[in-house]
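The sequence and structure come first, and the text follows.

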Amino acid sequence: MYVLFAGGNLIDYEQITFCIMNWIKKVFKGCAHKSSEGHYHGHYAEDRQFYAPSGSGDAWREHENEEIDRAIALSLLEESQKVRRVKDDKSQLEDDEQLARAIQESLNFEPPPQYENVNTYQPMPVHFPTGYSRVCAGCNTEIGCGRFLNCLSAFWHPECFRCHACNLPISDYEFSMSGNYRFHKSCYKEQYHPKCDVCNHFISTNPAGLIEYRAHPFWMQKYCPSHEHDGTPRCCSCERMEPHDTGYVALNDGRKLCLECLDSAVMDTKQCQPLYLDIQEFYESLDMKVEQQVPLLLVERQALNDAREGEKNGHYHMPETRGLCLSEEQTVSTIRRRPRLGTGNRSMDMITEPYKLTRRCDVTAILILYGLPRLLTGSILAHEMMHAWMRLQGFRTLSQDVEEGICQVLAHMWLLTQFDSASDSNGAWTSSSSSSSRLKKGKRPQLERKLGEFFKHQIESDASPVYGDGFRAGHQAVYKYGLRNTLEHIRMTGRFPH
């Protein structure tokens, strides 16, 4: 029930009653207090008198009405303030609860493990209040109400913020960037952190926190530094380390051969004869025919080392000698039948036989290490053939860097003839012999071409003072003066022309 109070305001009747009752209690309490103050207590005597407080009755009622109005007004004011405080407290509570939920959601994402040297970002999920709008940078649609991500100066639906590698949403506390692409930290590591090509593990960091690895200068095979000392074998031809998941072929003399090099490997003396004829034709095209028929033998490592010990003269490229031009009479063990592959990628059933070298001229034989790819075998054979040609032509005893250097030049020239790009621009031919020196070859398989480029790179980048420096000096002389003039200058002076 409501009543219209002074000023035209509707007031709850029960509220007025409650206020009046509170006021009456206060009034009676005050009257009781005043009455007790108005009594005067004396001693009992014969004539007792009672003294009451004096005053006008009308004045008292008027005062009472004023007190009632004042009490009602105060009570209404107090009630109004209580209602406002309750509403304010309720609104503040709702705001606090909303803020707490947003903070809680932003903390519900656990950070992933930390990695060194990775740029990371932290997308912050936020509870999107009602009444605002944003456009998702992923799907270009309005986000609307609910959760969204605010990162990279843009807004995203959580399901639109995806990894460039696996295309799954990124919900981790941190993520990685490469260019404009986003990645899970694990996907970034899988794609960009270098892996060892030998053990296939991520290459670990050194004590300074840097990623440290070794790499082959030509093949760019990356591997852990520890593999240089843990007995991991290398291919005896291309020098690549053997991966743990790929078995190299073990040759009888202890060398290891990778499967790519095995594909074109020359394994016995008979198989090498067509290549020998090819090298002879190459020398004839340069007007440098070898007049004597020099025996060519493919041998194992030990037989080659034994023959080297029996030679009085000569310089040998360490740590591995791969070819020899012999001048002394001796007996060597040559390979008559190539081995076959057995269990565990081991060669077996190879047949060798002794071969007695007799001295009919200044050159008794050319020995080549067996089991090397065709192009490497050919370049070694071209090198040793140059030794034979100079001895048969009566060249004086030359310094090691001059003799080995010009032999390396001929090996390098032969390799160039095996590619379509062979031309006079390399300066290795004289103009009179350039047209005949280009052997018409079919296109090499890609793997064999790559091996040929590597063998050429080996000659060009050799750091030894005899083979490396000697080749560079000889190559420069041939480029400047031509092969014929360079050889004539060497015959007369024993040095390269400058």
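## Overall picture

In the protein, 56% of the contacts with a separation of 6 or more are between residues 24 or more positions apart. The model is a predicted one. It has 12 helices and 21 strands. Of the 498 residues in the protein, 40% are buried.

## Helix packing around H8

Two packed helices are described by the angle between their axes and the distance between the axes. Helix H8 (residues 400-417) packs against helix H7 (residues 374-392) at an angle of about 135 degrees, and the two axes are 8 Å apart. H7 is therefore oblique to H8. The handedness of this crossing is right-handed. On the H7 side the contact is made by Arg374, Leu375, Gly378, Ser379, Ala382, His383, Met386, His387 and Met390. On the H8 side, the residues are Glu403, Glu404, Ile406, Cys407, Gln408, Leu410, Ala411, Trp414 and Leu415. Sorted by class, the contact of H7 with H8 has 10 nonpolar, 5 polar and 3 charged residues.

H8 also meets H12. The axes of H8 and H12 cross at roughly 165 degrees and come within 12 Å. Because angles over 145 degrees count as roughly antiparallel, H8 is roughly antiparallel to H12. The crossing of H8 and H12 is left-handed. From H8, Val402, Ile406, Leu410 and Met413 make the contact, and from H12, Leu483, Leu487 and Ile490. The residues of the contact of H8 with H12 comprise 7 nonpolar, no polar and no charged.

Ile406 and Leu410 of H8 are listed in the contact with H7 and also in the contact with H12.

## Salt bridges

The count of salt bridges comes to 14.

| Pair | Closest N and O atoms |
|---|---|
| Arg255 and Asp253 | 2.9 Å |
| Glu488 and Arg491 | 3.9 Å |

Arg255 and Asp253 form a salt bridge. Arg255 is buried, with a relative accessible area of 2%. Asp253 is also buried, at a relative accessible area of 16%.

Asp278 has a relative accessible area of 9%, so it is buried. Arg374 is also one of the H7 residues in the contact with H8.

The salt bridge of Glu488 with Arg491 has its closest N and O atoms 3.9 Å apart. Which helix holds both Glu488 and Arg491, and how many residues separate them? Both are in helix H12 (residues 483-493), and because they are 3 residues apart, about one helical turn separates them. Glu488 is partly exposed, with a relative accessible area of 40%. Arg491 is partly exposed as well, with a relative accessible area of 30%.

Beyond these pairs, a network of salt bridges links Glu212, Arg214 and Glu228.

Is Gln280 buried or exposed? Its relative accessibility is 19%, so Gln280 counts as buried; the cut-off for buried is under 20%. Not counting residues up to four places away in sequence, Gln280 touches Gln293 and Met385.

Ile211 is found in the loop between helix H3 (185-192) and strand S9 (214-215). With a relative accessible area of 29%, Ile211 is partly exposed. Which residues does Ile211 contact, leaving aside its neighbours within four places in sequence? Ile211 is in contact with His193, Pro194, Ile203, Ser204 and Thr205. Cys224 lies 13 residues from Ile211 along the chain, and the C-alpha atoms of Ile211 and Cys224 are separated by 9.8 Å.

Note on methods. Residues numbered from 1 in each chain as written. Predicted model: local features only at pLDDT ≥ 70, side-chain atom pairs only at ≥ 80, totals over all residues. Heavy atoms only, no water. Axes fitted to C-alpha atoms, helices over the stretch in contact; angles between N-to-C directions. Helix = DSSP H or I, 4+ residues; strand = E, 2+ residues; numbered from the N terminus. Parallel < 35°, antiparallel > 145°, perpendicular 65-115°, else oblique. Left-handed = near helix turned anticlockwise from the far one by under 90°. Contact = heavy atoms within 4.5 Å. Nonpolar A, V, L, I, M, F, W, Y, C, P; charged D, E, K, R; others polar. Salt bridge = Lys/Arg side-chain N within 4 Å of Asp/Glu carboxyl O. Buried < 20%, exposed > 50% of the residue type's maximum accessible area, 1.4 Å probe, protein only.
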